[in-house]
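I opened the file to look up a pocket, a helix pair and some backbone details. My entries follow in the order in which I checked them.

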Amino acid sequence: MFYCFASSQIIAYPERDDTCTTVFNFEMANTAGQILARSTAIQRGLDFVYRFGSKRDSFADYGSFLICCFALVGATSRDRKLRQLGRMRAKQLALRWSRSHPFLPRDVTADLLLDFVLVSYALRRIGLRDPTRSAQIRLAAQNFSAFELLGFEPCNEPPPGDLPYPCNCGFKNQRGRKVCKQCKRRLQIQSRYRVWMDALANTFVAERCGLRFGARYADVLKWLPAMRPYPIRSNEDDALVRDAIFAVTHIVYTLNDYSTYKLSPRWLRQEFAFLKRNLEAVCDQHDPELLGELMDSLKAFDLRADHPLINRGSDYLLMEQNDDGSWGDPEEENVRTVCHTTWTAIDGLRTCAWRGERLSFPELEPLVK
């Protein structure tokens with residue numbers, strides 16, 4: 001008998017005298033083994049996210065993103081069972097969300113408003129709409145400026161490089177501050193790529209729901225030329241390169257409606273080249289969170305599962321999955337980091353049911369060339 005080892009299972013094929021046929025059978029068995037290994041890893045990852053993220057404290061901190069995770073799996077996966085699983089779990093989590101958030105409070109914060117927007121977008125992806133809730137979100141969003149929601153005014157200025165992260169004490173400081181006004185701790189400053197990434201994602205999902213989250217998506221995307229060229233790893237801080245990669249993956253996600261459409265490399269030549277150039281290095285740096293988004297974005301440019309770069313990334317992710325089904329540091333305590341790393345790894349491995357090649361907003365094609 002001729003054997004191919006796939007995950008923990010052995011696939012047996014009868015030997016043949018024809019060498020060409022034997023090679024063909026080996027390739028077929030190897031492909032079948034890879035598909036089985038990816039499918040098993042994806043299922044284990046989704047089970048972890050649902051199990052870990054459904055804990056009370058975890059859900060309170062990350063519930064809206066969990067709903068997005070499963071809704072997008074349910075809306076865009078080629079595998080029918082994955083679609084069914086994603087939709088079922090998204091609905092279950094959304095019901096739990098609605099029980100803990102029965103209405104939009106009058107004093108809603110910018111962060112909570114974003115959570116409501118994300119849940120609205122996620123449910124739309126699986127065909128569920130709540131016009132009353134959407135109207136409430138629309139009215140609430142009108143009470144915030146772009147500066148309050150995005151940290152800058154994209155109609156008038158590019159993404160800034162002086163916006164601090166929220167302090168560990170919870171206080172949000174003004175741009176330019178290096179020490180927290182409330183607790184006097186030293187602040188970490190977001191890179192302009194990080195600020196841009198958040199603005200791209202937040203304005204996009206809002207606009208897809210018929211809302212305005214401080215500014216239009218086009219107002220944020222128009223700064224694409226100003227953000228080029230992207231940093232080169234040998235010349236820049238690795239953290240800056242990492243933020244730039246995340247920004248570029250979110251250009252892809254927002255322009256292809258989060259894994260709905262394929263994109264032509266001719267629309268985003270520099271971004272396509274930048275992602276390809278960095279995949280090997282990301283594998284070497286043991287960064288499954290970034291690698292998952294890189295692979296997912298490159299597949300949107302029609303790099304197939306058997307492309308050497310995608311193969312390299314898949315092999316890495318399959319080898320690095322933790323015993324509990326997650327990816328990343330098993331000692332990590334931040335629920336957002338744990339769940340998001342596992343989510344991106346799943347997206348890097350799964351296959352999407354593409355709906356052709358187009359932009360989510362076709363009228364924005366002149367902005368991306």
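I worked on a predicted model, where local features need pLDDT of at least 70, side-chain atom pairs count only at pLDDT 80 or more, and totals for chains, interfaces and linings use all residues. Residues are numbered from 1 along each chain as its sequence is written, and side-chain values use heavy atoms, with hydrogens and water left out.

Entry 1, overall.
I found 15 helices and two strands in the protein. The radius of gyration (over C-alpha atoms) is 22 Å, close to the 21 Å from the globule rule (2.2 Å times the number of residues to the power 0.38) for 369 residues, so the protein is as compact as a globular protein of that length. Along its principal axes the C-alpha trace spans about 75 × 50 × 45 Å.

I took a pocket as an open set of points on a 1 Å grid over the protein atoms alone, where a 1.4 Å probe fits, with protein on both sides within 12 Å along at least five of seven lines; lining residues have an atom within 4 Å of a point. The volume, the space filled by probe spheres set on the points (joined across faces, edges and corners), is about 780 Å³ for the second largest pocket. Of its 27 lining residues, R38, R78, A305, R350 and T351 are closest to the centre. Which helix gives the largest share of the lining? I found that α1 does, with seven residues. At least two residues each come from α1 (19-53), α3 (80-100), α13 (308-320) and α14 (335-349). By class I noted nine nonpolar (Ala, Val, Leu, Ile, Met, Phe, Trp, Tyr, Cys, Pro), ten charged (Asp, Glu, Lys, Arg) and eight polar residues (the others, Gly among them) in this lining.

Helix α12 (residues 288-300) packs on α14 at about 30°, with the axes 7 Å apart; axes are lines fitted to C-alpha atoms over the stretch in contact, and angles run from 0 to 180 degrees between N-to-C directions. In contact (heavy atoms within 4.5 Å), α12 brings residues including P288, M295 and K299, and α14 brings residues including H340, T344 and L349. I counted four nonpolar, five polar and five charged residues there.

Most residues other than glycine have a negative phi, and most peptide bonds are trans. I found a cis bond between R228 and P229, with omega about -10°. P229 sits in the loop between α9 (224-227) and α10 (238-255). S259, not a glycine, has a positive phi of about 70°; S259 is in the loop between α10 and α11 (269-284).

Note on methods:
Helices (H or I, at least four residues) and strands (E, at least two) are DSSP runs, numbered from the N terminus.
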